[in-house]
Amino acid sequence: MQRRPAHRALAIAAALSLTATLAPAAASAAQTPPGRDRAAQAYADTTLESMTLEQKIGQLFILFAYGPDAETVDSRNTTLYGRPTASDIISEYEPGGFILFSARDNITDPTQVATLSNGLQDAAMEAGAGIPLLVSTDQEQGLVTRIGSPATLFPGNMALGAGRSTKDTRKAAAVTGQELLAMGIQQNNAPDADVNINPDNPVIGVRSFSSDPALVSQLTAAAVQGYQEDAGIVATAKHFPGHGDTDTDSHSGLPVITHTLEEWQQIDAPPFRAAIEAGVDSIMTAHIVVPALDDSGDPATLSHKIVTGQLREALGFDGVIVTDGLEMAAVRQKYGDGEVAVRAIEAGVDQLLLPAAPREAYAAIDDALDSGRLTEQRIDESVERILKMKYEQGVIKHPKVDVDKVMNTVGKNSSLRAAEKITDRTTTLVRNDDGALPVAVQGKTVLVTGYGEVTGRTLAAELTARGAEVTALPTGTAPSTALIAEATAAAAMSDVTVVLTNGVTATSRQKDLVAALDATGTHLVVAGVRNPYDINQLPEVDNFIATYSYAAPALASLAKVITGEITPQGALPVDIRTADGSGDILYPFGHGLGW
């Protein structure tokens with residue numbers, strides 16, 4: 001067996017210790033009223049009887065299309081589906097769901113999103129089966145945010161972990177879910193239920209609430225309740241069986257999780273148990289290999305032992321299981337795109353998200369049914385779950401929204417105030433040697449540099465509003481020698497310099513930038529606007545603030561902490577270990593300074 005590095009073994013031991021000492025609060029399971037449950041079952045039974053086999057296959061798929069409305073002609077759609085518009089794709093394939101992305105030209109503003117959602121529903125209800133779509137997106141908040149301002153923004157999971165409040169977490173989910181529903185989006189692929197015990201995790205990181213399984217469990221349950229009970233949309237806990245201990249991004253490679261069965265049961269499984277106890281409608285699988293659960297080398301998404309054996313049988317989940325995106329590299333390494341779709345259904349999955357080759361995937365399932373490899377009974381099991389979930393969450397009765405009323409809900413003042421207050425409780429002061437913070441900026445020259453064009457400008461605007469004369473000089477995550485020199489010269493002429501870091505590593509040029517700025521003698525303020533782990537690469541700085549996010553509310557709170565307008569209240573939701581690989585703890589879970 002491959003030996004773990006000392007720091008990895010210690011991180012796992014710490015997570016196990018926290019599990020033993022901090023039992024998660026019991027989540028109150030959301031009970032579906034008996035009458036509604038019977039009505040949902042009756043709807044599913046009646047609808048299944050009237051559907052053709054091809055229509056049932058369609059319900060298994062969650063597709064996407066390029067374009068801002070259902071009638072936009074885009075050659076990329078034709079290449080992928082053989083049809084030019086979203087409306088044509090829905091008519092042809094009759095999918096059960098559709099997912100929206102900003103990167104695929106689906107999202108410009110809330111009213112446009114609502115119009116698009118309605119157009120997609122029109123196409124679905126005009127198709128053969130006439131079943132409304134489940135429209136979804138990934139509005140995790142923080143690092144993964146598909147819909148920006150004027151929607152209400154929150155700083156994301158790890159910031160909420162720093163705030164330690166189930167009430168705040170539930171409120172953030174409720175507001176997010178209510179706004180999505182107003183735009184015609186009935187499912188959010190959130191919350192992330194992964195326990196991030198690996199600081200080098202390139203794909204989860206601050207998307208996780210914490211490295212503590214108990215805290216992740218508590219906040220996952222709160223988020224599920226916020227989305228489903230308060231907002232009335234489908235929540236999707238992800239990424240089962242747990243994506244928190246990897247240094248490989250499953251979008252580009254196939255991660256292997258080396259936890260033992262006992263470690264998995266104590267570290268990775270608890271948040272999913274908590275989500276199930278809270279009544280979560282949907283759970284998303286991960287494209288990761290977990291040899292302790294299945295030694296075949298297949299990713300969890302394609303593993304019957306994991307999807308059915310662990311999630312269905314051991315954890316008792318009877319809701320809808322959805323794959324992570326099937327266009328991701330991790331799930332496509334061993335098998336072709338059609339075979340992947342069939343194996344996912346064989347594993348026990350209900351919904352196939354974003355197949356890389358949809359025509360091939362549909363045909364493969366058809367062929368598997370023709371050969372007897374798959375049965376119609378097996379397809380019916382998944383379609384029944386999908387139909388019941390749609391009915392229970394109101395998708396069948398209310399598939400469309402009133403476009404004229406969208407902005408009555410999205411970005412309303414009470415939601416923005418809630419986001420501000422919640423975020424103010426998350427910002428964490430990790431280091432403050434010699435009382436370097438707070439610092440008055442009224443009437444002073446301030447340089448804002450480091451990560452982010454928009455990020456830097458947003459913080460600059462916040463400090464300008466507090467009476468500073470601000471210059472913004474973004475240098476990105478890999479500043480050139482020329483940019484470092486320019487920033488250093490500007491810092492030497494400034495009373496205060498704020499440098500924003502994002503993903504500092506041992507070889508990062510950001511280290512050179514921070515060292516050069518510090519050497520100028522300027523009053524230097526250092527803030528990590530993504531990973532709190534950046535501080536272990538910056539031993540020479542006098543102060544460090546962790547925001548866990550570069551969303552606008554996080555930067556507003558950062559400005560308040562820098563200037564002393566608020567006292568930092570956040571506590572680290574992870575251990576920060578030294579950078580030498582020894583596993584020694586530099587700043588422990590729960591650490592956080594005030595004034």
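Begin by selecting Phe-98 in this predicted model and displaying its surroundings: leaving aside residues up to four places away in sequence, Phe-98 touches Ile-62, Leu-63, Phe-64, Ala-65, Ala-86, Ile-89, Ile-90, Leu-120, Leu-133, Leu-134, Val-135 and Ser-136.

In soluble globular proteins, nonpolar side chains tend to be buried together.

Now move to the open sheet of six strands, whose order is S11-S16-S15-S14-S12-S13 and whose pairing is mixed. Colour strand S11 (428-432) and strand S13 (469-474), which stand at the edges; each has a single partner strand, so one side of each is left without a neighbour in the sheet. From one strand to the next, the twist averages 20° on average across this sheet.

Within the sheet, select strand S15 (residues 523-528) and strand S16 (residues 543-546), which pair in the parallel sense over two bridges; Gly-528 has Ala-546, in S16, as its bridge partner.

Finish with the helices that lie against these strands. Helix H18 (residues 481-492) packs on the sheet, where it touches strand S12 (445-450), S13 and strand S14 (496-501), and the direction of H18 makes about 160° with that of S12. Helix H20 (residues 552-563) lies across S14, S15 and S16, and runs at about 150° to S16.

Terms used
Residues are numbered from 1 along each chain as its sequence is written. This is a predicted model: local features need pLDDT of at least 70, side-chain atom pairs count only at pLDDT 80 or more; totals for chains, interfaces and linings use all residues. Side-chain values use heavy atoms; hydrogens and water are left out. Two strands pair if DSSP finds at least two bridges between them. Helices (H or I, at least four residues) and strands (E, at least two) are DSSP runs, numbered from the N terminus. Axes are lines fitted to C-alpha atoms, for helices over the stretch in contact, and angles run from 0 to 180 degrees between N-to-C directions. Contact means heavy atoms within 4.5 Å.
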